[in-house]
Amino acid sequence: MTHLTALMSADHAAGAAQTSDAATHLTGVAGWAVDIMEAIGAPGAGLAIALENLFPPLPSELILPLAGFTASRGNFSLAEALIWTTLGSVAGALLLYGIGALLGRQRMRTIAWKLPLVDVADVDRAEAWFNRHGAKAVFFGRMIPVFRSLISIPAGIERMAVWKFLLLTTAGSLIWNTVFVLAGFYLGENWHLVEGYADVFQKIVIAAVAVTVTIWVVRRLAKGRDKAPS
């Protein structure tokens, strides 16, 4: 029995050493995220995701698999990883909702009036679209790179009911977080494979946005030329 206990202790020590070694080789955002998780446990994963909501350049597609990987090493449980990352997502989204609410519709119109190529009518159309599809936009937006954070602002501007915003944000965030946390948990030290697929998805989204914006600018410039006196 003593020999078995010693072997189990040795295995546990080896696993801890592997975790430490894996973390040591991580740099940049990955190293920062692991340091927070190792320092304060699962709440560190929640804090990292809350900051990701506020600063979109911090990729959730990197932080979430790392939270799953860290959970697989026993630093905290899988359930704790899912709960805290979802709480972090909701907290960050709620803060952005508050910023949108403070900005308000009137200030948004004032900003639109001062922007080149933008008409107040564009704001009206965006507002009408959000009033029709706001619930779906908030729910599915939580599962789309870039829009994950941004969608909270128009929800605040349009003063979507807070309970409804929280419900939709929690549901969408839980689905997104679960996919990436579980991937990191079961892939273990190969967690970084998830980032590659997520990066492709993000580039597709960014390319689609770029094409849409380009088409909109071209049409707006053409419209301006048509209105110009001959």
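Biologist: Which residues does Ser-152 touch, not counting residues up to four places away in sequence?

Modeller: Start with the term. Contact means heavy atoms within 4.5 Å. By that rule Ser-152 touches Ala-93, Leu-96, Tyr-97, Arg-142 and Phe-165. A word on the source: this is a predicted model, where local features need pLDDT of at least 70, side-chain atom pairs count only at pLDDT 80 or more, and totals for chains, interfaces and linings use all residues. Residues are numbered from 1 along each chain as its sequence is written, and side-chain values use heavy atoms, with hydrogens and water left out.

Biologist: Where does Ser-152 sit, and is Ser-152 buried or exposed?

Modeller: Two terms first. Helices (H or I, at least four residues) and strands (E, at least two) are DSSP runs, numbered from the N terminus. Buried means under 20% relative accessible area, exposed over 50%, and partly exposed in between (1.4 Å probe, protein chains only). Ser-152 lies in helix α8, residues 152-157. Its relative accessibility is 0%, so Ser-152 counts as buried. Ala-137 is 15 residues from Ser-152 in sequence, and their C-alpha atoms are 9.5 Å apart.

Biologist: How many helices and strands are there in the protein?

Modeller: There are 10 helices and 0 strands. Along the sequence the pattern reads α-α-α-α-α-α-α-α-α-α. Of the contacts with a separation of 6 or more, 74% join residues 24 or more positions apart. Buried residues make up 37% of the 230 residues.

Biologist: What span should helix α4 have, and what are its end C-alpha atoms apart?

Modeller: The expected span is 1.5 Å times one less than the number of residues. Helix α4 (residues 60-72) has 13 residues and should span 18 Å; its end C-alpha atoms are 18 Å apart, which agrees. Helix α3 (residues 42-54) also has 13 residues. α3 reaches 19 Å, close to the 18 Å expected.

Biologist: How many residues of α4 are buried?

Modeller: 12 of its 13 residues are buried, so α4 is mostly covered. Among them are Glu-61, Pro-65, Phe-69 and Thr-70. In α3, the buried residues include Ala-42, Gly-44, Ile-49, Glu-52 and Asn-53. Just after α4, Gly-74 takes a positive phi of about 90 degrees.

Biologist: Which residue has a positive phi although it is not a glycine?

Modeller: The general idea comes first. Most residues other than glycine have a negative phi. Here Arg-159 has a positive phi of about 50 degrees. Arg-159 is in the loop between α8 and α9 (162-187). Its relative accessibility is 57%, so Arg-159 counts as exposed.

Biologist: How many salt bridges does the structure hold, and which side chains meet?

Modeller: Side chains of opposite charge can pair when their charged atoms come close. The cut-off for a salt bridge is a side-chain nitrogen of Lys or Arg within 4 Å of a carboxyl oxygen of Asp or Glu. The structure holds 1 salt bridge. Arg-148 and Glu-52 meet in it, at 3.1 Å, N to O. This pair links distant parts of the chain: Arg-148 is in helix α7 (residues 147-150) and Glu-52 is in helix α3, 96 residues apart. Arg-148 counts as buried at 2% relative accessibility. Glu-52 is buried at 4%.

Biologist: How many aromatic pairs does a search of the whole structure find?

Modeller: Rings of Phe, Tyr and Trp (its six-membered ring) pair if their centres lie within 6.5 Å; planes under 30 degrees apart count as stacked, over 60 as edge-to-face and the rest as tilted. The search finds 4 aromatic pairs. One of them is Phe-139 with Phe-140: centres 4.9 Å apart and planes at 75 degrees, so this pair is edge-to-face. Phe-140 is partly exposed, at 46%. Phe-185 and Tyr-186 also form an edge-to-face pair, 5.1 Å centre to centre, with 85 degrees between the planes. Phe-185 is partly exposed at 23%, and Tyr-186 counts as exposed at 64%.

Biologist: Which residues form a nonpolar patch on the surface?

Modeller: Patches are made of residues with over 30% relative accessible area and no salt bridge; like charges are joined within 9 Å, nonpolar side chains (Val, Leu, Ile, Met, Phe, Trp, Tyr) within 5 Å. Accessible areas come from the Shrake-Rupley method with a 1.4 Å probe; for residues, only the protein chains shown count as cover. Ile-83, Trp-84 and Leu-87 form the nonpolar patch, with about 290 Å² of accessible area together. Trp-84 is in helix α5 (residues 78-114) and counts as partly exposed at 35% relative accessibility.
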